[in-house]
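Subject: Structure handover

Hello,

Please find the structure below, with the sequence. My notes on what was found in it follow.

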Amino acid sequence: MLKATSEDIKIELRALAHKLEEGHREKLTKISPPILVAIELPHSSERVLFLVGEGKIKEVHQEDLSDSKIYLGYREFKKLLEKPQKILQYLASGRVRIKGDLRRVLSSLEVLSE
């Protein structure tokens, strides 16, 4: 079995972002200003960056576009999509890191999980 390349994973993440945006647009309007989500690719130092909020999920190429940031690996991201309730466990173990206003990020995550 072939391993997915970084480019394959980026394509998958972009498609997933579009699907999530379509399904949760109303909830995304409640998140303002947007939060930066940085997904670290496996076997690479690359990150795919998305601004989440204000009704959309937009891929960006700069980390300094938001004061509140979430950093997580690709595998953790995929697992959290399946079981969002594991976010606190991942935060406590350091598998997900938050920079900026912790309370605002957690309340935004709560809005998305409703």
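Valine 96 is in contact with Ile70, Tyr71, Leu72, Leu80, Ile87, Tyr90 and Leu91, if its neighbours within four places in sequence are left aside. Bear in mind here and below that this is a predicted model. In the pairing of strands, valine 96 of strand 5 stands opposite leucine 72. Strand 5 (96–99) runs antiparallel to strand 4, and 4 bridges join the two.

Val96 also belongs to the largest nonpolar core, which has 23 residues. Val96 is among those with the most contacts inside that core, together with Leu13, Ile39, Phe50, Ile70 and Leu72. The elements that give two or more residues to this core are helix 1, strand 1, strand 2, strand 4, helix 2 (74–82) and helix 3 (87–93). Helix 1 supplies the largest share, 5 residues. There is a second, separate core of 6 residues, and Leu36, Ala38, Leu49 and Tyr71 are included in it.

Sheet

Strand 4 (69–73) is largely enclosed by the rest of the structure, because 5 of its 5 residues are buried. Besides its pairing with strand 5, strand 4 pairs with strand 1 in the parallel sense over 5 bridges. In that pairing valine 37 stands opposite isoleucine 70.

Strand 1 (residues 35–40) also pairs with strand 2, in the antiparallel sense and over 6 bridges. Isoleucine 39 stands opposite valine 48 there. The hairpin of these two strands has 6 residues between the strands, and histidine 43 takes a positive phi near 60 degrees in it. Strand 2 (residues 47–53) is mostly covered, with 6 of its 7 residues buried.

On to strand 3 (residues 56–60): 5 bridges join it to strand 2, and the two run antiparallel. Valine 52 stands opposite isoleucine 57 in strand 3. This hairpin has 2 residues between the strands, and glutamate 54 takes a positive phi near 55 degrees.

Glutamate 21 lies in helix 1. With a relative accessible area of 13%, it falls below the 20% limit and so counts as buried. Its side chain reaches the backbone nitrogen of isoleucine 57 at 3.1 Å. Apart from neighbours within four places in sequence, glutamate 21 is in contact with Leu28, Gly55, Lys56 and Ile57.

Serine 68 is in the loop between strand 3 and strand 4. Serine 68 is buried too, with a relative accessible area of 3%. A polar contact of 3.4 Å joins its side chain to that of arginine 104. Not counting residues up to four places away in sequence, serine 68 touches Ile35, Leu36, Lys99, Gly100, Asp101, Arg104 and Val105.

Arg104, the partner of serine 68, is one of the buried residues of helix 4; the others are Val105, Ser108 and Val111. The four cover an arc of only 120 degrees around the axis, which puts them on the same side of helix 4. What do the buried residues of helix 4 pack against? They pack against helix 1 (6–28), strand 1, strand 4 and strand 5. The face turned away from the buried side carries the exposed residues Arg103, Glu110 and Ser113.

Helix 4 (residues 102–113) has 12 residues and reaches 17 Å from its first C-alpha to its last, close to the 16 Å expected at 1.5 Å a residue. At its start, a side-chain oxygen of aspartate 101 reaches to within 3.2 Å of the backbone nitrogen of arginine 103.

In helix 2 the residues Tyr74, Glu76, Phe77 and Leu80 are buried. These cover an arc of only 160 degrees around the axis, which puts them on the same side of helix 2. Helix 1, strand 1, strand 4, helix 3 and strand 5 are included in what covers them.

Regards

Terms used
Residues are numbered from 1 along each chain as its sequence is written. This is a predicted model: local features need pLDDT of at least 70, side-chain atom pairs count only at pLDDT 80 or more; totals for chains, interfaces and linings use all residues. Side-chain values use heavy atoms; hydrogens and water are left out. Buried means under 20% relative accessible area, exposed over 50%, partly exposed in between (1.4 Å probe, protein chains only). Two strands pair if DSSP finds at least two bridges between them. The expected span of a helix is 1.5 Å times one less than its number of residues. The arc is that of the directions from the helix axis to the C-beta atoms. Contact means heavy atoms within 4.5 Å. A polar contact is a pair of N or O atoms within 3.5 Å; within protein, one must be able to donate a hydrogen and the other to accept it, and residues adjacent in sequence count only if both atoms are side-chain atoms. A nonpolar core is a set of buried Ala, Val, Leu, Ile, Met, Phe, Trp, Tyr and Cys residues joined through side-chain atoms within 4.5 Å.
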